[in-house]
Amino acid sequence: MKRVITLLFALMLGMALQAQSFVGNMSIATFQQKNITCTLKVDAQGRGTLVLQRVKYAKMMPVRVDMSIAGLTVKKDRDGNLTLTGTDIVPTAGEKSYPKKTVTNFHGTLRGGTLTANFTMSEKKVTFTGKQKK
C-alpha cells in the first residue's frame, strides 16, 4: 500500500512539473511580435515560471532572448482553469537578472488551451495571447 501511495504521489508531482508550450502574439507598448513561443511550468507548490522564448523588447534590439518570469502564484479553479498572478518579479535571461525590467501587475489565465498574460515591464504594457502546442 505504501508503495502504491508513493507511486501515485510521484505521478502527480511529475504531472505538476510538466511544462506546457504555447505559440502566439506578444506586444510591448506598440511593438508587436508574432509566432512567439512561451513555456509555462508549474511546480507542486503552485509556483509558476513563464519563459518567453526568443523575444525582443524593442524593435531595434539587436538580439533575441529567452526571458524567464519566475515566482508566479498559480491557482486552479474547479474547471481546471489556471490563474497566474505576481508583482515585483525580477526577470532573468540566461544567468543574468534584470532589475530594471521588474515585472509588476502580472495577471494571466489558462483556459481551454489558451494562455493570456498581461503585465508591466519597465513601465511598458506587455501582453501575450497564445494557443497550446499539441
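The model is predicted, so local features are used at pLDDT of at least 70 and side-chain atom pairs at pLDDT 80 or more, while totals for chains, interfaces and linings use all residues. Residues are numbered from 1 along each chain as its sequence is written, and side-chain values use heavy atoms, with hydrogens and water left out.

Me: Happy to start with the fold: what pattern does the chain follow along the sequence?

Reply: Helices (H or I, at least four residues) and strands (E, at least two) are DSSP runs, numbered from the N terminus. The chain has one helix and ten strands. Read in order, the pattern is α-β-β-β-β-β-β-β-β-β-β.

Me: Nice. Is P91 buried or exposed?

Reply: P91 sits in the loop between β5 and β6 (92-93). Buried means under 20% relative accessible area, exposed over 50%, and partly exposed in between (1.4 Å probe, protein chains only). Because P91 has a relative accessible area of 0%, P91 is buried.

Me: What distance separates the C-alpha atoms of P91 and V51?

Reply: Contact means heavy atoms within 4.5 Å. Leaving aside neighbours within four places in sequence, P91 is in contact with residues including M67, I69, Y98 and M121. P91 and V51 are 40 residues apart along the chain, and their C-alpha atoms are separated by 9.5 Å.

Me: Which residue's side chain does T39 join through a polar contact of 2.8 Å?

Reply: T39 is in strand β2 and counts as buried, at 15% relative accessibility. A polar contact is a pair of N or O atoms within 3.5 Å; within protein, one must be able to donate a hydrogen and the other to accept it, and residues adjacent in sequence count only if both atoms are side-chain atoms. At 2.8 Å, the partner of the T39 side chain is that of Q53.
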